[in-house]
Amino acid sequence: MSLTLEFVSTIRAERSGLIDKLSDVDGMTAWARTHAADLGDFTVTEALRQETVRLRQSVRALFARAVAPDPPSRADASSLPGFEESLALVNATALAAPTAPQLRWAGEPSLATVPAMETDPGVRLLGRLATGAVEFLAGPERALLRTCQAPRCVLYFIKEHPRQEWCSTACGNRARAARHYKEHRKI
């Protein structure tokens with residue numbers, strides 16, 4: 001799975017409800033050390049965590065736009081920032097990468113690259129996450145981006161097969177079981 005999909009999937013549904021892997025400093029530090037180990041063994045601050053969550057919500061807002069007219073993820077569709085605000089934040093954050101791709105969205109998304117500044121590990125992490133989102137949304141995989149519609153699932157996924165409807169086999173099984181239950185309950 002790409003870093004961008006891993007990033008937006010830090011919100012997921014489990015039996016106990018929605019789980020946010022970035023809900024506290026310790027959780028985000030663990031996630032960052034796993035997904036950006038080359039940035040060093042740094043500890044996340046509360047300010048960096050809040051910036052990262054804000055970036056994630058902006059990327060999720062862009063994902064919601066990318067899957068339209070299909071519905072966005074049910075995890076946070078009602079609380080996502082606006083499209084223009086999200087686009088501006090992702091592009092501005094990508095400037096922390098050594099070179100920053102910029103997402104242009106006039107009709108179809110396209111990619112432009114501008115020079116950027118390199119700073120501390122936390123800012124580079126944000127830059128890498130934003131850069132990954134820009135490259136993903138301007139790339140060919142965007143056309144294959146889907147929202148899993150299985151019960152309780154809130155994930156985005158890349159459709160790898162023409163008949164694929166869910167993000168995983170487990171979600172497919174859950175959706176089929178729910179459909180079976182619903183059909184047989186009517187009898």
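Biologist: Which residue in S2 is the bridge partner of arginine 12?
Modeller: Isoleucine 19 in S2 is the bridge partner of arginine 12. This is a predicted model, in which local features need pLDDT of at least 70, side-chain atom pairs count only at pLDDT 80 or more, and totals for chains, interfaces and linings use all residues. Residues are numbered from 1 along each chain as its sequence is written, and side-chain values use heavy atoms, with hydrogens and water left out.

Biologist: How many bridges join S1 to S2?
Modeller: Four bridges join them, and the two strands run antiparallel. Strands pair if DSSP finds at least two bridges between them. Strands (E, at least two residues) and helices (H or I, at least four) are DSSP runs, numbered from the N terminus. S2 covers residues 17-20, and a hairpin of two residues connects S1 to S2.

Biologist: Changing topic, how much space lies in the largest pocket?
Modeller: The space is about 410 Å³. A pocket is an open set of points on a 1 Å grid over the protein atoms alone, where a 1.4 Å probe fits, with protein on both sides within 12 Å along at least five of seven lines. The volume is the space filled by probe spheres set on the points, which are joined across faces, edges and corners.

Biologist: Which residues are closest to its centre?
Modeller: Of the 22 lining residues, the closest to the centre are Met1, Arg12, Leu155, Cys167 and Ser168. A lining residue has an atom within 4 Å of a point. Strand S1 (11-14), strand S6 (156-158) and helix H6 (169-185) each supply at least two residues of the lining.

Biologist: What classes make up the lining of the largest pocket?
Modeller: The lining has eleven nonpolar, four polar and seven charged residues. Here Ala, Val, Leu, Ile, Met, Phe, Trp, Tyr, Cys and Pro count as nonpolar, Asp, Glu, Lys and Arg as charged, and the others, Gly among them, as polar.

Biologist: How many aromatic pairs are there in the whole structure?
Modeller: The search finds four. Rings of Phe, Tyr and Trp (its six-membered ring) pair if their centres lie within 6.5 Å; planes under 30 degrees apart count as stacked, over 60 as edge-to-face and the rest as tilted. One of the pairs is phenylalanine 63 with phenylalanine 136, which is stacked, at 5.2 Å centre to centre and 20 degrees between the planes. Phenylalanine 63 is in helix H3 (residues 46-67) and phenylalanine 136 in helix H5 (residues 121-138), 73 residues apart.

Biologist: Is phenylalanine 63 buried or exposed?
Modeller: Phenylalanine 63 is buried, because its relative accessible area is 0% (buried means under 20%, exposed over 50%, partly exposed in between, with a 1.4 Å probe and protein chains only). Phenylalanine 136 also counts as buried, at 6%.

Biologist: Why is the pair of phenylalanine 83 and tryptophan 105 edge-to-face?
Modeller: Their planes stand at 90 degrees, with the centres 5.3 Å apart, so the pair is edge-to-face. Phenylalanine 83 lies in helix H4 (residues 83-94) and tryptophan 105 in strand S3 (residues 99-106), so the pair ties together parts 22 residues apart in sequence.

Biologist: What lies over the face of phenylalanine 83?
Modeller: Arginine 65 does, at 3.8 Å from the ring centre. The charged end of arginine 65 also sits over the ring of tryptophan 105, 5.7 Å from its centre. A charge sits over a ring if NZ of Lys or CZ of Arg is within 6 Å of the ring centre and within 35 degrees of the ring normal.

Biologist: Finally, what kind of peptide bond joins alanine 68 and proline 69?
Modeller: The bond is cis, with omega about 15 degrees. Proline 69 lies in the loop between H3 and H4.
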